[in-house]
Structure formats: structure tokens, C-alpha cells
Amino acid sequence: MTSSQESQGSHQSQESQESQGARGPAEPVAGALPGSSGFPGTGRRVLVSGASRGVGRAIAQAFAAQGDRVAVHYGSRRDEAEATFASLDGTGHALLGADLSDPQATARLAEAAAEALGGIDVLVNNAAAAAPAHPPANTSYEEWTAVWQRQVSVNLLATANLSHLAAQRMIAQGTGGRIVNIGSRGAFRGEPAHPAYGATKAAVHALGQSLAVALAPHGIAVTSVAPGFIDTDRVAHRLDGAEGEGIRAQSPFGRVAEPAEVAAAVLWLASPQAQWSSGTVLDLNGASYLRT
Ligand SMILES: NC(=O)c1ccc[n+]([C@@H]2O[C@H](COP(=O)([O-])OP(=O)(O)OC[C@H]3O[C@@H](n4cnc5c(N)ncnc54)[C@H](OP(=O)(O)O)[C@@H]3O)[C@@H](O)[C@H]2O)c1
């Protein structure tokens, strides 16, 4: 995992740099709905963590397709992040690497994203560390502590740290904002083989709800989504294997989610119209797990 971070530089065309400078900060649009506070629905400056592939890539593509400028963040897979970057509609995007288990690198990422985009209007906390299965009965204490450290540092602490950094920028900008966290169905349903993952995702949901209350006076809405299985490389070994049929059968639709379906929900939660959804944890699980 690289701890370096690079502003887009060589990957950002002259055209996109000029476009970024000319456009400047996103301009508030007159509120389409009462209480939407003039938060813009396009032309926003969006930081997506963990956008090298999978859900993060789909989210970056969805924002770019509707006219937002995106800072594509990656951890270790620079080549895949470059593919994400190259796939984005429009100009003025940035490509930034940072190890989110390092709070200082995380701070440099927020700084670089704000510099490259001219500010931050939307933060999507999507990055999550991969973890080997660690059921308590079959995992050594050494492995157990290592997995928990890693999961907490990336899934929870980096989400908290990036939220703090982005919120402070949004408050200084004075134009409101949106923070959307990618949580998980596992927070509710239990993750017997990945308890650290389930616990950190539950904490991400709770963090989002506390921040929703704390940041509402600044026009910042904070939400989370709680997806079930999504068809990404991260879980391909489970979906392609013998376990896959059972996983698809968890939903009465007989399938798992596509990354674009999660991205569509994130796009909505980042919209001006979704301010009143602040504090929500939105289930995206194809009716595979119902809670009241
Ligand atoms: N796939 C599912 O079934 C599923 C279900 C529910 C929720 N989710 C959630 O959806 C989100 C995306 O999942 P995905 O399937 O797209 O996962 P993924 O392909 O493993 O992507 C994870 C992203 O996080 C980044 N990352 C991991 N550790 C990092 C670190 N230390 N520093 C910086 N970046 C780091 C990775 O960067 P690099 O690749 O560049 O290292 C990658 O971009 C995650 O929050 C996951 O928990 C997924």
C-alpha cells in the first residue's frame, strides 16, 4: 500500500485544468424543493474514497456523468484507478492516492482533493479494507488483533477522519454539503466470519447519524447506505464459487446488486432533494434482509 499521494498532474489534461479554473466553486442553484438550501445538483466537487474499482468506480462514474467533478482516490491499485479516471465523462477530475490507515496521509488527501477541485461539496466514504475470514473459534489471537486493527483503521477511523476534514471545508465554504457513507447489511444481519467488518460498518452507520445531527446547522446532510452483496471483484471468489448460488438466493430477486445500483442511491443521497433524508441508513439488499 502506498502512503504517497499525488495530485493529478500528468493525468489531468491542460483542458481540464483550464476548465477547473474557469468553473471555480460549484454555484448554488435555486432550491428545487423547499428547504433544499440551494445546494447544487450538478457541477459539485466530489471526493470518492476507494474508487480504483468496484463500487467506488461506479460512484465516480455516476457523479461525472451528471456533470460533477470527481477526485478519484485509490489505495494501492493505481493502474485500476487510472482506468476509473479515464472512464469518467467530462473534465476537471483528479486522481489521488493515499493510504487511509495513516491519518496524516488522509489529511493530505483531503487537502489535495480540495486543491485539485477548488473545494469539496460531496464526500463519499467508500473505501474499506479487505479482510480474511476471522471467525473467533478458528482464528489465532495474533491474527484476530491484526484484522481488527486494520478494519477499524480504514473502515471506521478513515471514514471519521475524512468526514471531519471534508466537513470543515464545507463549513468554511458556506455552501452546505453531502457526506454519504458506504455501510453494509452485515451491520444488521451479523458477519460471523467477518465480525470486525460487521462491527466497523455498524459504527459507520452510527457515526453518520451523529454527524447528521451535528452538521445539519451547516447545511450538510449525512447519510449511509447498507448494501447486501454486490457483484464486485472483492467478493467474486464467493459469488463464483459454490457459495454463490446460496448468496443469490438470499434475495427473492435471485441475484446480487450491480455496483451501478448502489451508485444510483448514492447519487440521490447527494442530491439537493435528499437533504431531508439526512441521518438515514438506506437498505440496498433486494429484500434479502428486512428490518423495522
Ligand atoms: N462488494 C460487496 O458485496 C459489498 C457489500 C456491502 C458493502 N460493500 C462496501 O462497498 C464498498 C466498496 O466495496 P467493493 O466491493 O467495491 O470493494 P473493493 O473493490 O475492495 O474496493 C475497496 C476500495 O477501498 C480502497 N482501500 C482499501 N484499503 C485502503 C487503504 N488502506 N487506503 C486507501 N484505500 C483503501 C481500495 O483501494 P485499492 O484497491 O487502490 O487498494 C479500493 O479502492 C466498501 O465500503 C464495502 O465494504 C461491499
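The following dialogue examines the fold of a predicted model.

Student: How many helices and strands does the protein chain have?
Tutor: Of the 292 residues of the protein chain, 47% count as buried. Among contacts with a separation of 6 or more, residues 24 or more positions apart account for 71%. The secondary structure of the protein chain consists of ten helices and seven strands.

Student: In what order do the strands of the open sheet lie?
Tutor: The open sheet has seven strands with parallel pairing. Strands E3 (94-97) and E7 (281-284) each have a single partner strand, so one side of each is left without a neighbour in the sheet and they stand at the edges. From one strand to the next, the twist averages 20 degrees. The order is E3-E2-E1-E4-E5-E6-E7.

Student: Which residues stand opposite Leu47 in E2 and in E4?
Tutor: Strand E1 (residues 45-48) runs parallel to strand E4 (residues 122-125), and three bridges join them. E1 also runs parallel to E2, to which four bridges join it. Opposite Leu47 stands Ala71 in E2, and in E4 the residue opposite Leu47 is Leu123.

Student: What angle does the direction of helix H3 make with that of E2?
Tutor: Helix H3 (residues 78-87) packs on the sheet, where it touches strand E2 (69-74) and E3. The direction of H3 makes an angle with that of E2 of about 165 degrees.

Student: How many of the residues of E2 are buried?
Tutor: In a regular strand, side chains alternate between the two faces of the sheet. The number of buried residues in E2 is six of six.

Student: With which residues is Val72 in contact, leaving aside its neighbours within four places in sequence?
Tutor: Val72 is among the residues with the most contacts inside the largest nonpolar core. Leaving aside neighbours within four places in sequence, the contacts of Val72 are Val48, Ala51, Ala60, Ala81, Thr84, Phe85, His93, Ala94 and Leu95.

Student: Is Ala166 buried or exposed?
Tutor: Ala166 has its place in helix H5. Not counting residues up to four places away in sequence, Ala166 touches Leu47, Ala110, Ile120, Leu123 and Ile179. Its C-alpha atom is separated by 9.6 Å from that of Ala107, 59 residues apart along the chain. Because Ala166 has 26 C-beta neighbours inside 10 Å, this residue counts as buried.

Student: How does H5 pack against helix H7: roughly parallel or roughly antiparallel?
Tutor: Residues of H5 including Val147, Trp148 and Leu156 meet residues of H7 including Tyr197, Val204 and Leu211. The crossing of H5 and H7 is right-handed. H5 and H7 (residues 195-215) have axes 9 Å apart and pack at an angle of about 15 degrees. That angle makes H5, relative to H7, roughly parallel.

Student: What is the angle at which helices H2 and H10 pack?
Tutor: Gly54, Val55, Ala58, Ile59, Ala62 and Phe63 in H2 meet residues of H10, including Pro259, Ala263 and Val266. H2 passes H10 in a right-handed crossing. The axes of H2 (residues 54-65) and H10 (residues 259-269) are 8 Å apart, and the helices pack at an angle of about 50 degrees. H2 is thus oblique to H10, the angle being about 50 degrees.

Student: How far apart in space are Asp121 and Arg169, C-alpha to C-alpha?
Tutor: Asp121 is found in the loop between helix H4 (103-117) and E4. With 28 C-beta neighbours inside 10 Å, Asp121 counts as buried. Asp121 and Arg169 are 48 residues apart in sequence, yet their C-alpha separation in space is 8.5 Å.

Student: What is the phi of Ala287?
Tutor: Ala287 has its place in the segment after E7. With 11 C-beta neighbours inside 10 Å, Ala287 counts as exposed. Most residues other than glycine have a negative phi. Although Ala287 is not a glycine, its phi is positive, at about 60 degrees.

Technical notes:
Residues are numbered from 1 along each chain as its sequence is written. This is a predicted model: local features need pLDDT of at least 70, side-chain atom pairs count only at pLDDT 80 or more; totals for chains, interfaces and linings use all residues. A nonpolar core is a set of buried Ala, Val, Leu, Ile, Met, Phe, Trp, Tyr and Cys residues joined through C-beta atoms within 7 Å. A residue is buried if 20 or more other C-beta atoms lie within 10 Å of its own, exposed if 12 or fewer, and partly exposed in between; C-beta atoms are placed from the backbone. Two residues are in contact if their C-beta atoms, placed from the backbone, lie within 7 Å. Two strands pair if DSSP finds at least two bridges between them. Helices (H or I, at least four residues) and strands (E, at least two) are DSSP runs, numbered from the N terminus. Axes are lines fitted to C-alpha atoms, for helices over the stretch in contact, and angles run from 0 to 180 degrees between N-to-C directions. Angles under 35 degrees count as roughly parallel, over 145 as roughly antiparallel, 65 to 115 as roughly perpendicular and the rest as oblique. A crossing is left-handed if the near helix is turned anticlockwise from the far one by less than a right angle, and right-handed if clockwise.
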